[in-house]
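Please keep the sequence and the 3D view open while reading.

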Amino acid sequence: MQPYNILSELLSRIEESVSGTSETDYLNDLPISIVHLRRLFKFAFGVPLQSYIRSRKLAFSLEDLMQTEKRVLDIAIDCGYEHEQTYIRAFKREYGITPGECRESGKNIHVTAPIHLFPKNDVCGNLIYGPEMVMIPSFHVMGRMYQIEIAESPTEAPEAAKQFWWGKRHEVPNPIEPNIYYGLTRTPDPSLSWTYYLPSMRVTDLNNIPDGFVGDTVPASLCVSFRYVGNHHYEEINQLRAEALYAAIDRLAKEHNGKFNLLDGEFFFEKVDLDAYDGEYCQMEWFAPIRVNRFLK
């Protein structure tokens with residue numbers, strides 16, 4: 001079962017029975033272990049599965065708490081808590097006040113909304129999630145430079161990445177993150193049919209660059225990021241998957257044109273933490289600078 005289908009089914013189950021089900025109950029008939037599911041969920045959404053389930057249970061409990069006169073004990077039991085005090089402690093960690101204080105305070109409560117997946121998140125049965133805005137600090141990378149035709153990049157960029165990672169990465173001096181891959185793309189001129197692609201590693205500085213290697217500095221930038229989760233090894237990001245991935249990124253980014261303009265004509269990069277691969281699922285992050293539209297007409 002592919003990541004998109006697994007997570008879509010899981011999210012539906014959580015919302016259908018958010019009140020009283022334990023975490024393991026949601027796994028019935030899903031072809032995945034709880035260990036892999038937790039990793040997959042954190043990969044995709046950036047929050048632990050247990051935390052998300054707890055947040056949705058507590059959000060569900062707010063309706064009874066604020067719209068009925070049910071006892072707190074009964075609300076706690078309805079939400080799957082065996083003890084009232086356990087529910088109260090979880091509620092206070094989530095919202096900063098107790099259920100009783102919530103009833104009396106008249107304050108607005110900000111809740112965790114349900115996560116939804118849509119067909120646009122489906123990439124060959126795998127998953128892409130985003131966009132999210134993130135401010136990245138400036139950092140240095142060092143690697144082997146390739147000039148790649150844009151039309152051939154879904155094929156040639158993954159191959160260049162493999163050649164660098166397995167054949168040349170050990171020659172990079174002073175890597176900061178020895179098991180994290182950076183693939184930096186720069187377009188020197190939008191009218192050109194090719195780009196520069198730099199399979200690389202993050203380094204402390206750009207001193208002592210070995211022969212045949214190139215250093216670059218990614219500037220501090222407000223970026224948009226996407227996360228890709230695939231049920232395969234990193235080396236299996238083939239042309240079909242790469243084309244589907246970038247088509248999905250382009251589609252999702254265009255949906256937010258009113259909020260920001262994507263500046264991927266300047267640079268963009270993918271980041272892969274090879275230590276995150278658990279033998280079943282891989283994750284890749286993609287970043288590109290943006291210009292926020294502060295004054296919308």
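The largest nonpolar core has 60 residues, and L7, L10, I14, F41, F45, I128 and F226 touch the most other members. A nonpolar core here is a set of buried Ala, Val, Leu, Ile, Met, Phe, Trp, Tyr and Cys residues joined through side-chain atoms within 4.5 Å. Buried means under 20% relative accessible area, exposed means over 50%, and partly exposed lies in between (1.4 Å probe, protein chains only). Leaving aside neighbours within four places in sequence, I128 is in contact (heavy atoms within 4.5 Å) with K120, N121, V123, F226, R227, Y228, L245, A248, I249 and L252.

The model is predicted: local features need pLDDT of at least 70 and side-chain atom pairs count only at pLDDT 80 or more, while totals for chains, interfaces and linings use all residues. Residues are numbered from 1 along each chain as its sequence is written, and side-chain values use heavy atoms, with hydrogens and water left out.

The protein chain contains 8 helices and 11 strands. These are DSSP runs numbered from the N terminus, helices being H or I of at least four residues and strands E of at least two. Of the 297 residues in the chain, 43% are buried. Among contacts with a separation of 6 or more, 75% are between residues 24 or more positions apart.

The largest pocket holds about 820 Å³ of space. On a 1 Å grid over the protein atoms alone, a pocket is an open set of points where a 1.4 Å probe fits, with protein on both sides within 12 Å along at least five of seven lines; lining residues have an atom within 4 Å of a point. Grid points are joined across faces, edges and corners, and the volume is the space filled by probe spheres set on the points. The lining has 34 residues, of which A157, Y197, Y246, F268 and E270 lie nearest the pocket centre. Helix α7 (153–167) is one of the elements that supply at least two lining residues, and α7 gives the most, with 8 residues.

| Residue | Relative accessible area | Class |
|---|---|---|
| A220 | 48% | partly exposed |
| C124 | 35% | partly exposed |
| S225 | 8% | buried |
| N208 | 67% | exposed |

A220 lies in the loop between β7 (214–218) and β8 (221–230). Its contacts, not counting residues up to four places away in sequence, are M135, I136, P137 and S138. The C-alpha atoms of A220 and S138 are separated by 4.1 Å, although the two residues are 82 apart along the chain.

S225 is found in strand β8. Beyond four places in sequence, S225 touches G130, P131, E132, V134, W286 and F287. A cis peptide bond joins G130 and P131, with omega about 10°, and P131 is in strand β2 (residues 126–136).

C124 lies in the loop between β1 (122–123) and β2 and has a positive phi of about 55° although it is not a glycine. N208, in the loop between β6 and β7, also has a positive phi, near 55°.

With a disulfide taken as a pair of cysteine sulfur atoms within 2.5 Å, the count is 0. For C124, the nearest cysteine sulfur is that of C282, 12 Å away.
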